[in-house]
Amino acid sequence: MNAPPLTPDFIPHEWRPLASAHLADGFVTLEWADGMTFAAYSLWLAENAEGFGLELLTRESMLEPRDLPAPSDLMSAGVDDDGALVLGWSGGRTVRVHPGWLRYVADGALVPSSALPEPTMWTGTDFSEPPTLDGSRILDDDDVLDQWIATLVQYGLCRLTDTPTDLDFVGRLVAHVGPIRDTNFGPVWSVQSKPNPDSTAYTGLDLGQHTDLPTREVPPGFQFLHCIENSVQGGWSRMSDGWAVAEAIRAEHPDAYDALTSLEWVFMNRAKDAEHRWIGPIIDHGGKRQPLTLRAFYPVRSAPHMDPADMPRAYESLRVFAEMARDPRFQVAYPFRPGDLVGFDNRRILHGRDAFESGGARLLRGCYADHDDFYSRLRVLRRDRSRPAGPLSYASTHLPSTQGVPA
Ligand SMILES: [Fe+2]
């Protein structure tokens, strides 16, 4: 067999020999033995073929669109003895194209969601505690790393137990996946309570269900909280799937849902040395390809940005949102133990905290990351693995509830 042609990526594609290739009207209709067909456009093939537009070191297409050939310059298409696509261009140029890469595209595997688990909506009846994994070897075991990221993508929530309790671990773990999303709080920050607090930041006040940093055009995709020390009474964390909350509001309180998705607010942080601002609705569906973003942090919701006539219903909708977000039917509540590291989708999952007595010490370390870098790492981890993309299983000691993991 001849050497496989290079592909416009670094993915080790399986060789999937073509059965036939037929050129007509600038398209090459490809067919595989199992009956799969795919219409490949001539200029797209030119851009991505070794020997034409593909730059061999970067695997990027280096053909500026004005330098593309005419579709009619593609003179012939066929399949060689190895099953590769062979294209003959005017001027005598002949190129081979990897049939496994063509099949990968034909199967729809190029779209961003294809290598990631399907997000699964959950409520408090699905879980009695967060989906949980043993995190003691996560930096050394890519199977655990894969399952952790996949769980974060699927449920928007995953707890690791038995991680090292040094102050830098959460930063080390996130940096092991991709860049930390730095903010005006620094790359890694502390949530700390002290026996004699000198600031409200160090008190044990109840925190309602919220998402962090709605003051940003793109709030951080994931948030991580790592428990270093906890000897206080109370202070349980509460998580609810904001996706499920939003859908329940849509079904049960359609007027509130309309207000929450359409009426805009100005969000502004109140720091002495930072002034981030953004305008958006509480439930932000964004554009066609953008994920749900909940802008639900009341301490930085600055002012209604709407017709005064809409303000009464806007405030009423906030009350509905807060009550639904607090409803136990959507919630998972759990204590933080030293070594626990909880990650969650900061744009989808609502997090909050019960009040606690300030008689003990409580120290969490936290940081943020963007969705893209976690998705990227999972795709790379899965390049060389055959891994089922279905629901995940957890260690039996950590099964979330008698209902188990949603199918
Ligand atoms: Fe928060």
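The buried residues of helix α2 (residues 99-106) are Pro-99, Trp-101, Leu-102 and Arg-103. Buried here requires 20 or more other C-beta atoms within 10 Å of the residue's own; exposed requires 12 or fewer, and partly exposed lies in between, with C-beta atoms placed from the backbone. Helices (H or I, at least four residues) and strands (E, at least two) are DSSP runs, numbered from the N terminus. The cover over the buried residues of α2 includes β1, β2, β3 (37-41), β5 (85-89) and β6 (94-97). Just after α2, Gly-108 has a positive phi of about 80°.

This is a predicted model, in which local features need pLDDT of at least 70, side-chain atom pairs count only at pLDDT 80 or more, and totals for chains, interfaces and linings use all residues. Residue numbers start from 1 along each chain as its sequence is written.

## The chain as a whole

The protein chain contains eight helices and 21 strands. Its C-alpha trace spans about 80 × 55 × 45 Å along the principal axes. Of the 407 residues in the protein chain, 35% are buried. Two residues are in contact if their C-beta atoms, placed from the backbone, lie within 7 Å. Take the contacts between residues at least 6 apart in sequence: 75% of them join residues at least 24 apart.

## Helix α7

Helix α7 (residues 311-326) has 16 residues. From first C-alpha to last, α7 reaches 23 Å, close to the 22 Å expected at 1.5 Å a residue. The expected span is 1.5 Å times one less than the number of residues.

Which residues of α7 are buried? They are Ala-314, Ser-317, Leu-318, Phe-321, Met-324 and Ala-325. Seen down the axis of α7, these buried residues fall within an arc of 135°, so they line one face of the helix. The arc is that of the directions from the helix axis to the C-beta atoms. An α-helix has 3.6 residues a turn, so residues three or four places apart point the same way. The face of α7 turned away from the buried side carries the exposed residues Pro-312, Tyr-315 and Arg-319.

The buried residues of α7 pack against both strands and helices: β10 (207-210), β12 (237-241), α5 (242-252), α6 (254-262), β17 (301-305) and β20 (349-353).

Phe-321 sits in helix α7. Phe-321 counts as buried because it has 26 C-beta neighbours inside 10 Å. Leaving aside neighbours within four places in sequence, Phe-321 is in contact with Ile-249, Leu-260, Ile-282 and Ala-296. Phe-321 and Ala-259 are 62 residues apart in sequence and 10 Å apart in space, C-alpha to C-alpha.

## Two helix pairs

Two packed helices are described by the angle between their axes and the distance between the axes. Axes are lines fitted to C-alpha atoms, for helices over the stretch in contact, and angles run from 0 to 180 degrees between N-to-C directions.

The axes of α5 and α7 come within 10 Å and cross at roughly 125°. That makes α5 oblique to α7. Angles under 35 degrees count as roughly parallel, over 145 as roughly antiparallel, 65 to 115 as roughly perpendicular and the rest as oblique. The crossing of α5 and α7 is right-handed. A crossing is left-handed if the near helix is turned anticlockwise from the far one by less than a right angle, and right-handed if clockwise. Val-245, Ala-248 and Ile-249 in α5 meet Val-320, Phe-321, Met-324 and Ala-325 in α7.

The second pair is helix α3 (residues 142-155) and helix α8 (residues 371-381), packed at an angle of about 135° with axes 10 Å apart. That makes α3 oblique to α8. Their crossing is left-handed. From α3, the contact uses Asp-142, Leu-145, Asp-146, Ile-149, Ala-150, Leu-152 and Val-153; from α8, Phe-374, Arg-377, Leu-378 and Leu-381.

## Loop residues

Most residues other than glycine have a negative phi, and most peptide bonds are trans. The table lists two non-glycine residues with a positive phi.

| Residue | Phi | Loop |
|---|---|---|
| Asp-25 | about 55° | between β1 (18-24) and β2 (27-32) |
| Leu-213 | about 55° | between β10 and β11 (222-230) |

Are they buried or exposed? Asp-25 counts as exposed, with 10 C-beta neighbours inside 10 Å. Leu-213 is buried, with 23 other C-beta atoms within 10 Å.

Gly-339 lies in the loop between β18 (331-334) and β19 (341-345). Gly-339 is partly exposed, with 17 other C-beta atoms within 10 Å. Not counting residues up to four places away in sequence, Gly-339 touches Thr-161, Asp-162, Thr-163, Thr-165 and Cys-227. Gly-339 and Phe-169 are 170 residues apart in sequence and 9.7 Å apart in space, C-alpha to C-alpha.
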